[in-house]
Amino acid sequence: MKAFFSFMIRWVIPVLGLIALSLIIWFVGPLLDVLVPQGRRWALIVLMFAVWIAYRVFRILAGFLVDDIKAGRVAVEDAVDRSVVTIRGDELFASASSSIVDDYQPLMLRIADAIRKVKGQVRVTGHSDNRPIATLRFPSNWALSEARAKSVLEILAAKTGQGERFSAEGRSDTEPVATNATAEGRARNRRVEITVLAEGVE
């Protein structure tokens, strides 16, 4: 019964609301002719449904990871054309390493399961703070951020069996989400973003 009410609230009621709004758009012609000519009303209605469906698909992705979101292991940001899953690098990797820690392997499996249930290309992006790194393996933050992105890509591609959907890139410290002047800000900037794009979006 709980599942039935959840389905009604998340899908049936919104669809009925969209249908009612579409009828209003169609029949209240004289008031809309100035803004939306009659020949374009179908296009507006179709666009409304397309936007709503895309948004619901990405909310499904967040729904699969709801426990991890509540626990603070990931953050999920939904938009009309994409959904972005963000994981802090300090938790996912050891310092100056691109190997995913064992404790986060189950999370990667859950993310892979969620991605497998939606369509669209997947872009994995590594980010760092602005503190320089220079090791034999990682001569720069560009190299480290790219290697971390590729590590996440490899595990997601293997677990989904859909490697053709994935691409990886490193952005170093070029896209900070917080100040690099504090330890907390730098920790937020060290992250990996998994972006699932709407079908047809490149």
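Predicted model: local features only at pLDDT ≥ 70, side-chain atom pairs only at ≥ 80, totals over all residues.
View 1. Residues are numbered from 1 along each chain as its sequence is written, and side-chain values use heavy atoms, with hydrogens and water left out. Lys 150 forms a salt bridge (a side-chain nitrogen of Lys or Arg within 4 Å of a carboxyl oxygen of Asp or Glu) with Glu 146, and their closest N and O atoms are 3.3 Å apart. Both residues sit in α7, four residues apart, or about one turn of the helix. Glu 146 is partly exposed too, at 32%. An α-helix has 3.6 residues a turn, so residues three or four places apart point the same way.

**View 2. Thr 160, in helix α7 (residues 141–160).** Helices (H or I, at least four residues) and strands (E, at least two) are DSSP runs, numbered from the N terminus. Thr 160 is buried, with a relative accessible area of 7%. Leaving aside residues up to four places away in sequence, Thr 160 touches Ala 112, Arg 116 and Phe 166, where contact means heavy atoms within 4.5 Å. Gly 161 follows α7 and has a positive phi, near 70°.

**View 3. The largest nonpolar core, with 26 residues.** Such a core is a set of buried Ala, Val, Leu, Ile, Met, Phe, Trp, Tyr and Cys residues joined through side-chain atoms within 4.5 Å. Those touching the most other members are Ile 87, Leu 92, Met 108, Ile 111, Val 152, Leu 156 and Ile 194. Two or more residues each come from β2 (82–88), α6 (105–116), β3 (122–127), α7 and β5 (191–197), and α7 gives the most, with six. Beyond four places in sequence, the contacts of Leu 92 include Ile 87, Tyr 104, Met 108 and Val 192.

**View 4. A salt bridge between Arg 110 and Asp 68.** The closest N and O atoms of this pair are 2.7 Å apart. Arg 110 is in α6 and Asp 68 in α4 (residues 66–70), so distant parts of the chain, 42 residues apart, are linked. Which of these two is buried, and which partly exposed? Asp 68 counts as buried at 2%, whereas Arg 110 is partly exposed at 33%. The whole structure holds eleven salt bridges.

**View 5. Two residues other than glycine with positive phi, Ala 96 and Ser 172.** Most residues other than glycine have a negative phi, and most peptide bonds are trans. Ala 96, with phi near 60°, is in the loop between α5 (89–92) and α6 and is partly exposed at 39%. Ser 172, with phi of about 55°, lies in the loop between β4 (166–170) and α8 (183–189) and is buried at 4%.

Note on methods. Buried < 20%, exposed > 50% of the residue type's maximum accessible area, 1.4 Å probe, protein only.
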